[in-house]
Amino acid sequence: MTEDIAALVRQLAATERADRREASERLVALGAPAVGHLLPLLREPIGTARSAAESCVERLGEPGLAALRKVRVEGPGQFRATALRVLADTGGADALSPADRAAVERLVRVKLPDEAPDDLPIHAWIAVPGADVTAILAALELHDARPVTTAMGVSAAVDHENSLTEEAPDGSETTAYRVFISPEFEGWRLLYGTDYVNENWAQAVEKLSTHCREAHFYVVDEYNRSWVWSVWENGRVTRGYSTYGDPQWEGEPLEFERDLVLDEDDEMYDPEEAAAYADGVRDPEEVASALSIQPTTVGVLDKVGHGWLAVTDPDVGHGRFRGALPV
């Protein structure tokens, strides 16, 4: 019997999808005992075999998660870390044992004081002046705000599952999002949440600029060759640009934009540069550098405080979002 199971596990790495599907079906039919045989594949680098093994665990549901929790307690020792990762990736923090959740929380508390964050992502972010996290939470009606390291917050809000959509009894759908608020850098905090920002950025920036006086939105989308930036004050947009917007420009050029356009009699005058800045600054990173901070520079900036991870729905806790987060 053990040899038959070992053959099925090897079959998860088969070239043909039909062979992998057959092996997966038979392993899932074995129930929780299959998990022990899948552990070596689960520990492998990301690839076809590991993905197939993870899919088996997910399909096993709670019995599979219980088997992984048993590994966390009883071993084998070389698979304890793997079991923890798969538990988080498959079932979120709710799948962890109380002891493992407490251990993660202790580790976060230990790392926060001396954290040295790496540079932050530039695909899409919101910048807010000031260090008043309470105002940010109130403006966006965020809940369950928890201290997190920057690596943990970015991973939760950008790299892993950061929205959950559920259907209500009346057929309507509601979506809960995760939002990461960075530590303060030179008087600014940056907000991330891939799904939240993509779907709610205009309302979010309006609310933040109302509560916090000012808020900016930036997008650097190299894949679609798209640049977007928007500066809001007191609930209204004052200046902005969008590569594919109609119109592309909003508001009048800001002072830093006007300063870039030199008179023809200036000895530093360059016709090509003057033409490039004739309408204003298009590059969001250049705008962020002039008005707030560039995410790609925070690694060399002084950090004040720590980051926070929050959710938009008071009834949806962090534990349901899947993903093994680095601390």
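Colleague: Which residues is Asn162 in contact with, leaving aside its neighbours within four places in sequence?

Modeller: Contact means heavy atoms within 4.5 Å. With those neighbours set aside, the list for Asn162 runs Ala156, Ala157, Ala176, Tyr177, Arg178, Gly193, Thr194, Asp195, Tyr196 and Phe321. A word on the source: this is a predicted model, where local features need pLDDT of at least 70 and side-chain atom pairs count only at pLDDT 80 or more, while totals for chains, interfaces and linings use all residues. Residues are numbered from 1 along each chain as its sequence is written, and side-chain values use heavy atoms, with hydrogens and water left out.

Colleague: Where is the place of Asn162, and is Asn162 buried or exposed?

Modeller: Helices (H or I, at least four residues) and strands (E, at least two) are DSSP runs, numbered from the N terminus. Asn162 sits in the loop between helix H9 (150-159) and strand E3 (163-167). Buried means under 20% relative accessible area, exposed over 50%, and partly exposed in between, using a 1.4 Å probe and protein chains only. At 5%, Asn162 is buried.

Colleague: Which backbone oxygen does the side chain of Asn162 reach?

Modeller: A polar contact is a pair of N or O atoms within 3.5 Å; within protein, one must be able to donate a hydrogen and the other to accept it, and residues adjacent in sequence count only if both atoms are side-chain atoms. Here the side chain of Asn162 reaches the backbone oxygen of His160 at 2.9 Å.

Colleague: How do I read helix H8 (residues 133-140)?

Modeller: Begin with cover and then look at the ends. H8 is mostly covered, with 6 of its 8 residues buried: Val133, Ala135, Ile136, Leu137, Ala139 and Leu140. Their packing partners include strand E1 (124-129), strand E2 (143-148) and helix H10 (194-212). After H8 comes Glu141, whose phi is positive, near 55°.

Colleague: At what angle do the axes of H3 and H4 cross?

Modeller: Axes are lines fitted to C-alpha atoms, for helices over the stretch in contact, and angles run from 0 to 180 degrees between N-to-C directions. The axes of H3 and H4 come within 8 Å and cross at roughly 145°. From H3, the contact is made by Val35, Leu38, Leu41 and Leu42, and from H4 by Ala49, Arg50, Ala53, Glu54, Cys56, Val57 and Leu60. For classes, Ala, Val, Leu, Ile, Met, Phe, Trp, Tyr, Cys and Pro count as nonpolar, Asp, Glu, Lys and Arg as charged, and the others, Gly among them, as polar. That gives 9 nonpolar, no polar and 2 charged residues between H3 and H4.

Colleague: What about the loop between helix H3 (34-42) and H4?

Modeller: Glu44 lies there, partly exposed at 35% relative accessible area. Not counting residues up to four places away in sequence, Glu44 touches Ala49 and Arg50.

Colleague: Which residues of H2 meet H4?

Modeller: Arg20, Ser24, Glu25, Leu27 and Val28 in H2 meet Thr48, Cys56, Arg59 and Leu60 in H4. By class, this contact has 4 nonpolar, 2 polar and 3 charged residues. The axes of helix H2 (residues 17-30) and helix H4 (residues 48-60) come within 10 Å and cross at roughly 35°.

Colleague: How many disulfides does a search of the whole structure find?

Modeller: A disulfide is a pair of cysteine sulfur atoms within 2.5 Å, and the search finds 0. Cys56 is buried at 1%, and Cys212 is buried at 13%.
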